[in-house]
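Thanks for coming, everyone. Please bring up the model on your screens, and we will walk through it together.

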Amino acid sequence: MRQFLVYCLALVAVLATAVVPASATTAVPHIHKNSTVPVYSYANAIRESVWVQTPLDNDHDGVPDKVAVDVVRPRAGNVRVPVIMTASPYNSRVGRGNEREFKEYDAAGTISKQPLFYDNYFVPRGYAVVAVDLAGTGRSTGCTDTDGPEDTLGAKAVIDWLNGRAKATYADGSLVAATGWTNGRVGMIGKSADGTLANEVAATGVDGLKTVVPIAATSSGYDYARRNGVVVGPGANEFLFNMVTSRPAEACARALQELNTGSDDATGNYNAFWAERDLRPLTSKVRASVFLVHGLNDGNVMTNHFAQWWAGLKVPRKLWLSRAGHLDPFDFRRAEWVNTLHRWFDFYLQGLHNGIDRQPPVTVETSPGRWTDQPAWPAPGSHQVQVRLGSGDGTAGTLGGRSGKGEKTWVDNPDLFEDAATADPNDAIAGRVAFLSAPLTRHLRISGTPSVTLRVQVNRPTTELTARLVDYGTTTRVNTIYPNEGIRTLGTESCWGASTGADDACYLDTVQDVVTSDSGILSRGWQDAAHRVSLRFRVPLLPGRWYTITVPMQATDQTVGAGHVLGLTLQQSDFEYTTPATTGATVRLDLRGSYLTLPVVGSARLPQPGTTPPQVKSAATASAPRAVPARTP
């Protein structure tokens with residue numbers, strides 16, 4: 001019954017977003033055989049810059065803040081066109097895309113170049129492309145508040161203006177309306193912070209937003225700045241603020257202070273500040289269709305962001321999962337991406353029945369360069385399996401088999417980095433314990449979100465607990481070492497759309513960067529032990545008392561090959577992905593109450609461990625870590 005109700009809700013959402021294409025009633029030059037085609041001149045497109053009034057005044061100057069909106073739209077006569085919209089803090093600083101493009105203006109202050117290919121490709125096909133500077137960035141007033149209400153409501157105000165519900169002016173102060181040239185149907189797209197904005201605006205349920213395409217986007221500000229209570233980087237919000245702001249320091253001093261106070265780095269607690277930036281409880285408000293894209297090796301915006309957002313959505317949705325890191329699909333699957341995005345926008349914004357809604361909703365890169373369609377994610381047949389931890393006969397413990405007896409003990413080693421922590425598990429390494437399966441007798445696909453439950457005693461009030469799931473076995477893997485994230489940029493170019501002297505549609509080609517390596521990280525997880533009861537408050541541990549603590553790991557969809565060995569490593573402080581308050585704790589692990597939970601597809605099981613520990617090779621992993629991350633465009 002529940003599945004039937006979900007199906008009905010999805011059907012209602014499709015009908016609500018469906019429109020009768022203009023070609024059904026009038027001749028529209030840009031529509032041919034259920035596809036938009038390039039018939040309008042890009043060089044002769046209308047280019048204009050306007051400022052949309054927002055409902056907030058967070059620079060406290062007594063005047064409502066205004067966001068700068070740069071429009072490129074076709075000269076389409078009396079045909080009102082839909083809008084593809086990006087909202088970004090990166091247009092004037094940092095830059096966007098693999099080639100770090102910025103907005104550019106002519107001598108009169110009118111937009112002459114938008115970053116990325118969207119306007120070059122879609123304007124000739126009967127779309128307007130609108131690029132928004134978030135508050136406090138570019139030519140906007142106000143102050144950015146890093147995914148807070150100012151950012152969200154500023155972008156939402158632009159959709160309201162496109163639908164005649166908000167006020168906008170030209171630079172000279174004269175009023176300007178959009179309803180004469182647009183039908184008010186808007187799709188938002190963006191990577192990283194830009195994609196997060198798309199999620200945030202969708203969560204307001206604003207009328208007129210018909211689809212969003214969030215790429216490598218967050219769904220919780222807390223989970224971006226924390227790893228289950230462990231602070232990722234102190235002062236991260238101030239860092240992000242300074243990275244993008246274009247306002248004088250004195251104009252936004254109060255807004256910056258509010259960011260620093262609200263984030264509460266001292267405790268890592270979840271509070272009202274973070275609740276404002278938590279989208280997951282708001283999925284029921286989303287009315288737009290959603291096309292999610294995420295890299296399974298994204299070490300910047302972790303995979304739990306897409307997984308938990310995806311799980312809560314009740315609208316038409318589509319998902320691409322790649323083996324890349326923090327990348328736009330334009331840079332790892334360009335031709336297929338442009339074609340799919342074109343069809344997606346044609347369906348949801350132009351109302352063209354091109355069949356994309358009837359295709360499998362999920363596409364996963366199951367091995368480097370190999371993409372597989374499937375009807376759902378996690379993969380059909382995925383179910384949770386408990387894998388017991390055993391003591392083993394060597395340095396490493398065992399995965400699989402009966403529950404082990406006894407304990408493992410280790411002392412925090414703050415200098416232990418990932419390459420060393422995942423090196424040969426049969427070696428004794430200070431600050432790490434490891435567990436190995438027997439060599440697999442057949443492929444094991446893991447699709448979903450793993451976790452590891454640990455029964456521990458800690459001799460300090462808290463400590464970080466870090467877990468890594470490792471595939472030990474030689475194979476070809478995508479090389480996601482930062483900053484290339486899984487690609488190599490070539491010296492050749494390909495063009496995607498029309499060009500002008502100021503804004504060309506040509507971009508450097510890329511190829512997937514692959515290596516043969518002896519091991520690869522499948523998933524990582526972190527937990528502040530004192531946040532085990534509730535993320536809202538830290539509850540100190542009592543030395544000498546046993547606690548059962550579950551460390552959630554990052555969602556994944558990868559296959560461990562036959563003959564490979566599945567490994568689990570445990571440590572405490574991890575200074576590559578977090579900034580923990582190191583306590584020097586000693587952890588005692590009770591094996592009888594500890595286990596790994598794996599989302600396994602089908603009937604595959606780990607083989608019974610033998611009496612002799614399996615021998616594995618492990619050099620540097622292909623998915624290498626980086627310094628504490630900050631979102632990049």
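Start at Val-290: its bridge partner in strand S13 is Arg-317. This is a predicted model, where local features need pLDDT of at least 70, side-chain atom pairs count only at pLDDT 80 or more, and totals for chains, interfaces and linings use all residues. Residues are numbered from 1 along each chain as its sequence is written, and side-chain values use heavy atoms, with hydrogens and water left out.

Back to the strands. Six bridges join S12, residues 289-295, to S13, residues 317-322. The two run parallel. Strands here are DSSP runs of E, at least two residues, and helices are runs of H or I, at least four, numbered from the N terminus. Two strands pair if DSSP finds at least two bridges between them.

Now zoom out. S12 and S13 belong to an open sheet of eleven strands, ordered S7-S1-S2-S6-S3-S8-S9-S12-S13-S14-S15, with mixed pairing. Which strands are at the edges? They are S7 (168-169) and S15 (370-374), and each pairs on one side only.

H9, residues 304-312, lies across S12, S13 and S14, running at about 160° to S13. Axes are lines fitted to C-alpha atoms, for helices over the stretch in contact, and angles run from 0 to 180 degrees between N-to-C directions. Contact means heavy atoms within 4.5 Å.

Next, a helix pair. H3 (149-162) and H4 (193-202) pack at about 70°, with axes 9 Å apart. H3 and H4 are therefore roughly perpendicular, the word for 65 to 115 degrees. Among the H3 residues that meet H4 are Ala-155 and Ile-159.

On to salt bridges: a side-chain nitrogen of Lys or Arg within 4 Å of a carboxyl oxygen of Asp or Glu. By this rule there are 26. One joins Lys-113 to Asp-503, with the closest N and O atoms 3.7 Å apart. Lys-113 sits in S5 and Asp-503 in the loop between S23 and S24, so the pair ties together parts 390 residues apart in sequence. Both are buried, meaning under 20% relative accessible area with a 1.4 Å probe, protein chains only.

Another joins Arg-468 to Glu-418, at 2.5 Å between the closest N and O atoms. Arg-468 and Glu-418 are both buried too.

Last stop: Cys-506, in strand S24. Is Cys-506 buried or exposed? Buried, at a relative accessible area of 16%. Cys-506 and Asn-120 are 386 residues apart in sequence, yet 9.5 Å apart in space, C-alpha to C-alpha.

Notes. Buried < 20%, exposed > 50% of the residue type's maximum accessible area, 1.4 Å probe, protein only. Parallel < 35°, antiparallel > 145°, perpendicular 65-115°, else oblique.
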